[in-house]
Amino acid sequence: MGASLLPSSLAILCVWFLFPAGLAVASITRHYKFDIKMQNVTRLCHTKSIITVNGQFPGPRIVAREGDRLIIKVVNHVPNNISIHWHGIRQLLSGWADGPAYITQCPIQTGQSYVYNFTISGQRGTLFWHAHISWLRATVYGPLVIFPKRGVPYPFPKPYKEVPIIFGEWFNADTEAIINQSLQTGAGPNVSDAYTINGLPGPLYNCSAKDTFKLKVKPGKTYLLRLINAALNDELFFSIANHTVTVVDVDAIYMKPFQTDILLITPGQTTNILLKTKPSYPNATFLMSARPYATGQGTFDNSTVAGILEYEAPTKHPRSSTVSIKKLPLMKPTLPALNDTAFAFNYTTRLRSLANAQFPANVPQTVDKRFFFTVGLGTNPCPKNQTCQGPNNSTKFAASVNNFSFILPSTALLQAHFFGQNGVYTTDFPSTPLIKFNYTGTPPNNTSVMNGTKAVVLPFNTTVELVMQDTSILGAESHPLHLHGFNFFVVGQGFGNYDPRKDRKNFNLIDPVERNTVGVPSGGWVAIRFRADNPGVWFMHCHFEVHISWGLKMAWIVLDGNLPNQKLPPPPADLPKC
Ligand SMILES: [Cu+2]
C-alpha cells in the first residue's frame, strides 16, 4: 500500500508495539518539525520570496495512521505571525492544537515556537494542513494522509499506488499586500494568476510548461488519487480526459462509491478517487484539468490548470519511450461551464455515506437545538475622510453570518473561555436572523452588516440542526462553510428560501454525506446536523479566504460535560501569548 506515501524522513517513529501474533495494532507517536521560513520560488517566470514550511512548496506531507499521535513542532523564522490548522482533524479534547489564530491560540510570533500535539481518532482518509492567519495559507499548506490502522483494509480494492493531488492558487504579487490593500479600500482583492496542481500551474499558462505535474501510470492498475482543494478563493471542477473515476471518500469519511467523469471540490474539501487505468497502452496522453465553479458577481481567476496523465510505454528501451510519448495525441477533458450550478447541485446530491455496520452514519435522529444562519455579503460604511472602492464606490465589502460580521479579538477566544476572561466576546450570537426578509429575492436597500465578536454556547452533547441560507445581497453565491472540531451530516439542500414545513420532511437521516466543509448552494440553503461532543471553542467560516477576511465567520463554544473525559484539559505550557 502506498509505498510512495510511507513515513517521510521527517517522521520519527517513537513507539512500536508488536503483539504476540506479530500483528502491530497499537498506535504510535510521529514527530514532525515545521520550520517556517522564506524561500524564493519561481512560477510563470515570476520569482518571489514566499513563506514556506521547511523551504518546500507545497509543504511537506504528513503521514499517519488512524489512532496515531502527532507531535509537530512549528518554529517561526519569518517576520509574520503564524499559526497552523490541521484541517478536518476532530481534535477530541485537544482544542488547543486546532490552530486558527485568535480563536484557539494566539499566533506564533517571530522567533517563537509551538508544539501541536493531538491524536487522530476515528478518522482515516485525506485531510490537509494550512496556515490559519490572514492569507498565509496561499503558500503554507500540505497534505495530511491518514491510513487505516495497520491490518485494516480499505472498503474498496487495494490501490496499486496512492498519489496526493493538492490544488492551490499562485499569485505573482504578494498575497499579504493584496488582502491588506483590499481591506483598506473596501474593494474586492486582485485574483490569482494561476491555479496549481501540487504547486505546478501546468502547460496552459505562459512560461509554465516546464512546471507541469505528471502522473505516470501503468495500464490495468488502480490508483488512489487523494484530491485536496487548498485554493484560496475558488471551488474547482476537475476531470481527467477519457477516464471515469470512482469517488470513495470525502473529507476522510468513506462513501458509497460512485462513478463520475467530473468532480467538484470546494476549498477545504478533500475527495479520494480510484482511477482505473486503461487495460492496455492507449497510444495517447491525457490532460487532467481543473477550473473554477464560480457564482459570485465579482471577478475571479477563470484560467485552467492542467497536469498530464502519462502511460508508461510498452517498450524494452525506456530511453526511447519519452520520444514516442511526445508524438502521441493529447486528449483534453470537457469541464462544465464556469457557473454550472445544476451540475454542482446534482453532483453533491450523489454523495452518500457508506453507512454500513463497520462505518455507520451516526446521524442525530433528534435535535436539541435548531439554528438558522444566513450567509452572504454586505457592506460596511466608508470611514470619514477616506474614499472607498467597495459597492457603489462609497462603501466597503463585508460578509456576515446572520448579518453579524465577525471581528477577530486580540486574544484567543479559547483562552478567554477557559480562564473566564471577560470582555473578549459575547455569547449572544443570534440563532436566527434578527431581521427576516426574502433572503434569495430582491435584496433589501440597506446592505449594512453589524460587527461584533459573538459566539453560540452549547451544553456538552447538544444535538444541533443548522440550516445555512445563502442571501442575494450583492449577488447570490455559493459559500463553502467549514466547521472546526466536528464532522457534520448534510441532511438536506435546496434552492430558494428554506421552508421548514416543506423541506424538513425530505431530510436524509439514513446515509447523508458526513464531512467538515459543505457548499451552501448559490441562491439556496443546506441543512446539517452534528453532536456537540467536543468541548472547546470551534470556528465556523466560509473557506473562501476573501470572505473570511470580510467577516463570514463565527464561533461555537461547547461546554465541558460532567465526566472527566468530557472536559477540555488546560493549555500546554508553550501556548503562544498575544
Ligand atoms: Cu463565502
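Start with the largest nonpolar core of this predicted model. It holds 96 residues. Select Leu-225, Phe-373, Met-468, Phe-530 and Trp-556, which touch the most other members. Then colour strand S10 (residues 161–170), the top contributor to this core with five residues.

Zoom in on Met-468. Its contacts include Phe-373, Leu-481, Val-518, Trp-525 and Met-540, leaving aside residues up to four places away in sequence. Now look for a second, separate core of 58 residues. Ile-84, Leu-414, Val-424 and Ala-455 are among its members.

Next, select the copper ion. Which atoms coordinate it? They are ND1 of His-479, SG of Cys-542 and ND1 of His-547, at 2.0 to 2.2 Å. Along the chain, the donors are spaced as H-x62-C-x4-H. His-479 sits in strand S28 and Cys-542 in strand S33, 63 residues apart. His-479 is buried at 1% relative accessibility, and Cys-542 is buried at 0%.

Move on to the salt bridges; the count is 17. Show Glu-66 and Arg-124, paired at 3.1 Å, N to O. Each lies in a loop between strands, so the bridge ties together parts 58 residues apart in sequence.

Pick Asp-533 and Arg-90, bridged at 2.9 Å, N to O. This pair links parts 443 residues apart. Asp-533 is partly exposed at 28%, while Arg-90 is buried at 16%.

Finish with Arg-370, Glu-465, Arg-504 and Arg-529, a network of salt bridges. Within it, the closest N and O atoms of Arg-504 and Glu-465 are 3.5 Å apart. Glu-465 is buried, at 2% relative accessible area.

How values were computed: Residues numbered from 1 in each chain as written. Predicted model: local features only at pLDDT ≥ 70, side-chain atom pairs only at ≥ 80, totals over all residues. Heavy atoms only, no water. Donors = N, O, S within 2.8 Å, 3.2 Å for Na, K, Ca; no water. Helix = DSSP H or I, 4+ residues; strand = E, 2+ residues; numbered from the N terminus. Buried < 20%, exposed > 50% of the residue type's maximum accessible area, 1.4 Å probe, protein only. Core = buried A, V, L, I, M, F, W, Y, C linked by side-chain atoms within 4.5 Å. Contact = heavy atoms within 4.5 Å. Salt bridge = Lys/Arg side-chain N within 4 Å of Asp/Glu carboxyl O.
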